[in-house]
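Visitor: I would like to learn how to read salt bridges in a model of this kind. Could you take me through it step by step?

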Amino acid sequence: MRSLASSPTAPTPAPSGLGASSDRPRGGGADGNYISQATARPWTSCPSSSRGGPRGLHFPECRGRADLVLPTPPGPGAWLGTQPAPEAALRAGVATMGDPRGTRRILVTGGSGLVGRAIQKVVEDGARLPGEDWVFVSSKDADLTDAAQTRALFQQVQPTHVIHLAAMVGGLFRNIKYNLDFWRKNIHINDNVLHSAFEVGVRKVVSCLSTCIFPDKTTYPIDETMIHNGPPHSSNFGYSYAKRMIDVQNRAYFQQHGCTFTAVIPTNVFGPHDNFSIEDGHVLPGLIHKVHLAKSSGSALTVWGTGRPRRQFIYSLDLARLFIWALREYDEVEPIILSVGEEDEVSVQEAAEAVVEAMDFHGEVTFDTTKSDGQFKKTASNAKLRAYLPDFRFTPFKQAVKETCAWFTDNYEQARK
């Protein structure tokens with residue numbers, strides 16, 4: 001892999017101030033590397049399930065696991081988006097996701113964050129198709145709150161497809177304190193990325209939203225049609241509205257220019273390379289860090305809040321596989337929820353118990369009810385996802401927690417915290 005930042009034509013480093021140093025949006029921050037096309041690994045074709053049915057493409061090491069199946073790509077000449085490929089473009093060798101003759105350059109913003117690292121691992125472990133060139137960038141490569149730097153990045157990379165993950169993110173208490181910052185920085189990032197993608201002729205963009213965008217007062221389960229039905233929870237309205245606007249922009253780019261810009265809506269993501277900060281991180285990585293410290297010091301574990309709020313957690317490696325599927329196969333501009341089922345929702349208390357078990361903690365566990373619980377529940381329906389991928393298998397929650405705890409323990413000194 002070669003570093004984008006080391007290229008002589010790399011964009012100017014982010015200046016001090018907005019987007020620089022500790023103020024940079026999280027989700028970026030490490031290598032921003034190309035993955036060399038020379039390391040591409042072939043796919044194998046095998047039945048997608050023991051019941052028969054359509055054949056699909058599997059990772060070479062699939063070993064019969066249905067969760068590693070992706071639908072067979074379209075044949076030569078098929079766009080990943082909704083528009084047919086012009087014959088002149090095909091004759092010129094312009095790539096499509098299903099055309100093995102061309103090259104697809106996929107730019108991943110926020111490539112050094114939780115989801116970006118997961119996608120990079122899945123790609124390196126066998127998900128790459130022949131002719132794909134994956135480019136993972138971080139805030140070291142460009143300050144995406146700056147329009148000029150974002151444009152320079154896109155002009156340098158010249159992507160054909162984009163997975164947009166970069167964002168200013170944080171846990172409940174950071175959101176409560178800095179709603180304006182979350183709104184302004186994310187609005188700048190998203191507008192700069194989508195417009196730069198339009199300007200350089202990107203064929204498809206898949207952006208990452210969040211279930212926090214849904215109305216606070218709603219019926220459950222929530223689904224993709226309910227995004228704009230009311231205000232989000234007051235604790236993180238800045239971040240939520242900024243993310244909602246991606247959906248508005250996607251629809252507008254499609255209406256005015258025919259762009260295939262879409263978005264996915266994951267539930268609570270966790271896994272290796274998460275932000276394990278107790279003050280600023282999300283609930284599960286924060287709990288993992290707390291249990292590690294409590295075990296090391298022999299003290300009690302204090303969980304913030306009552307423990308009653310409920311969440312659907314998705315393992316970052318599962319989400320990575322679904323992101324790659326969405327990039328190649330999901331052609332709707334309408335967003336899609338990527339989540340475990342409603343039946344897999346767990347309480348914060350149950351999540352804490354899973355971490356305690358995974359880390360073999362035997363100390364006292366208490367709940368600080370003076371701390372805010374935030375939104376009580378955000379139960380999401382994954383019916384639309386299941387209509388597309390009925391056989392996708394999610395990693396069991398306790399197994400995913402155990403793997404994440406082991407990664408954190410093994411990488412404690414380097415982990416974000």
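Guide: We begin with confidence and then turn to the charged pairs.

Visitor: What is the mean pLDDT of the protein?

Guide: Where pLDDT is low, the predicted coordinates should not be read in detail. This is a predicted model, with a mean pLDDT of 80 and with 76% of its residues reaching 70 or more. Over residues 5–101, however, pLDDT stays under 50, although the model has 237 contacts beyond four places in sequence for that stretch.

Visitor: How many salt bridges does the structure hold?

Guide: Side chains of opposite charge can pair when their charged atoms come close. The structure holds twelve salt bridges, and one of them joins the side chains of K121 and D125, at 3.0 Å from N to O. These two residues are four apart in helix α2 (residues 114–127), which means that about one helical turn separates them. K121 is partly exposed at 41% relative accessible area, and D125 is also partly exposed, at 30%.

Visitor: Which residue forms a salt bridge with R251?

Guide: R251 pairs with E334, their closest N and O atoms being 2.9 Å apart. Because R251 lies in helix α6 (residues 237–257) and E334 in the loop between α8 and β13, the pair ties together parts that are 83 residues apart in sequence.

Key
Residues are numbered from 1 along each chain as its sequence is written. Side-chain values use heavy atoms; hydrogens and water are left out. pLDDT is the predictor's confidence in each residue, from 0 to 100. Contact means heavy atoms within 4.5 Å. A salt bridge is a side-chain nitrogen of Lys or Arg within 4 Å of a carboxyl oxygen of Asp or Glu. Buried means under 20% relative accessible area, exposed over 50%, partly exposed in between (1.4 Å probe, protein chains only).
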